[in-house]
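Please look over the protein below.

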Amino acid sequence: MQNNSSSNWWKHGVVYHIYPQSFKDSNHDGIGDIPGIITQLDYIADLGVDAIWLSPIYPSPMVDAGYDIANHRGIDAQYGTMNDFQRLLNEAHRRGLRVIMDLVLNHTSDQHPWFIASKSSVNNPKRDWYIWQPPKKGKQPNNWITNFGKKAWRYDPNTKEYYFHSFFWEQPDLNWRNPEVKKAMFDIIHFWLEAGVDGFRLDIINLLFKDRQFKNNKIGFFVKKPEIYNRNQPEVYPLLKEFRTLLDSYPEKTSVGEIYTPPPGRTTLAVSFLGNGVDMLHLVFDFSLIFTIWNAAAYYKTINRYYRKLPEMGWPCFFLSNHDIGRSIKRLGRWTWHKYAKAKLHAVLLLTLKGTPFIYYGDEIGMENIKIPKKYIQDLYGKIFYPFFRGRDRARTPMQWNSGRYAGFSTQRPWLPVSKDYSTINVEAEQKDYASILNLYKRLLLLRKKHTALHKGNITFLTKGKNNLLIYTRTDEQEKIFILLNFSNRKKKAQIGAIGSAAVVLLSTHHRIKLSEEGVIMLQAFEGLVIKTTLLQ
């Protein structure tokens, strides 16, 4: 049964996030590529997901892992060619898989032809495509800083002005107040939609507009209400409405926005980019779940807040790991027998909540963050802030396919070291082990497809995390499914009321078979349990 056959496939399907450099190397240069991804499409389809999302694959100097784009209409040579990408689209679609591309609208590479022209002269037609300002009393135009705390203005001695960059100085921000920029970017979106892509993940979309007057940010320990003028400006909302209109002019397309708004928990801001639920982005990432402590009550509070803040027609989405924040299993505890049990419980939570789940490659086999030796660090953040912060490479290591050399990722030394646990934590080994995390993911994904209540149904919480238990139901016109999650390292008694003799266990992380008809269930430590009751009358 395929869930991606309708225009709402993005609501009821599951998205698998691929970091292309690290997924599969086909040409033996130690770097993952598009042909390598194609060789693993059967694995992805067999896993049971509905779409793949690719981190940037455009031509880039790779200062920031491809998020510094030098050409929005091409494919970087290390990944392959446009023909390779078209073949990926065709092969993915043949298997019922959608393809989502990463779209970086806020900035480009300083090697992009647009910026080269913009930097060449104050009179160049593309000068106003980027954010330039003259010095203010011989200094920077204002006090704006980058997302990692450095000065955000870089002086150009040739034109004697500063340009603004939200990230590294090699990533100058575009001036979205210039209608020519919008037209150029919308033309690029048209280009990829015509090529056949099924949607876009929009990188840091809340940063697009900056204050017209370049007012100083008001931040600091003594500022009760910080005022930030280089993000979250109101002009982004009508722009996203135009973007949605463009997407809706093509059948069955989708979008998901990255709205990273530290400190975590600013859910109201994140969901505001959904508009009324049907006129802006289709989905938005709310990062608060990643920063939730391991406690059932805390998870309930975070999830319920997200649901409450959604517009009436809005749709939620959830993720537990990503290429910037890291892998969730590393946040689940030091002891092996706890962290893998917790990872399984996490999987049950992710794949039974109401909303679209996003799975980061390797999470389905229990891959972890690893400590990258200094000489192998690739991430510029890690190079700048070492040893206090070793960068994001720890969660970007090669996919572990088997126990062979370099984990089956490549025949040559990969661009990042392979985790030392690859001999046991790998796809080949876990496919043979019924109790593995991989096979749990596959069973959960199959359940989502088979039971409409799990991908379309309403959600009702029966507990709010008391006694470290989280219990909720998913219901539709035909069935009612109970999900019971024990976040404790001890057995816990759960009461869900009389469930009848027709109730069946759909899944347990502990291989439970029998149930009490009275609805009293003794959950094992870290057990996740999914139960289907009789049809609703």
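## Aromatic pairs

Phe 461 is buried, with a relative accessible area of 18% (buried means under 20%, exposed over 50%, partly exposed in between, with a 1.4 Å probe and protein chains only). This is a predicted model: local features need pLDDT of at least 70, side-chain atom pairs count only at pLDDT 80 or more, and totals for chains, interfaces and linings use all residues. Residues are numbered from 1 along each chain as its sequence is written, and side-chain values use heavy atoms, with hydrogens and water left out.

The structure holds 39 aromatic pairs. Rings of Phe, Tyr and Trp (its six-membered ring) pair if their centres lie within 6.5 Å; planes under 30 degrees apart count as stacked, over 60 as edge-to-face and the rest as tilted. The rings of Trp 144 and Phe 214 are tilted, with centres 5.6 Å apart and planes at 40°. Both Trp 144 and Phe 214 are buried. The rings of Phe 461 and Tyr 472 are also a tilted pair, at 5.4 Å and 55°. Phe 461 lies in strand S12 and Tyr 472 in strand S13 (residues 469–475), so the pair ties together parts 11 residues apart in sequence. Strands (E, at least two residues) and helices (H or I, at least four) are DSSP runs, numbered from the N terminus. Tyr 472 is buried, with a relative accessible area of 0%.

## Second largest pocket

The space is about 210 Å³. On a 1 Å grid over the protein atoms alone, a pocket is an open set of points with protein on both sides within 12 Å along at least five of seven lines; a cavity is a set where a 1.4 Å probe fits but cannot get out; lining residues have an atom within 4 Å of a point. Grid points are joined across faces, edges and corners, and a volume is the space filled by probe spheres set on the points.

The whole structure has 4 cavities of 30 Å³ or more. The largest cavity holds about 120 Å³. Its lining has 15 residues; among those nearest the centre are Ser 321 and Tyr 441.

Tyr 441 is one of the buried residues of H13. In H13, 10 of 14 residues are buried.

## Glu 258

Glu 258 lies in strand S8 (residues 254–258). Glu 258 is buried, at 4% relative accessible area.
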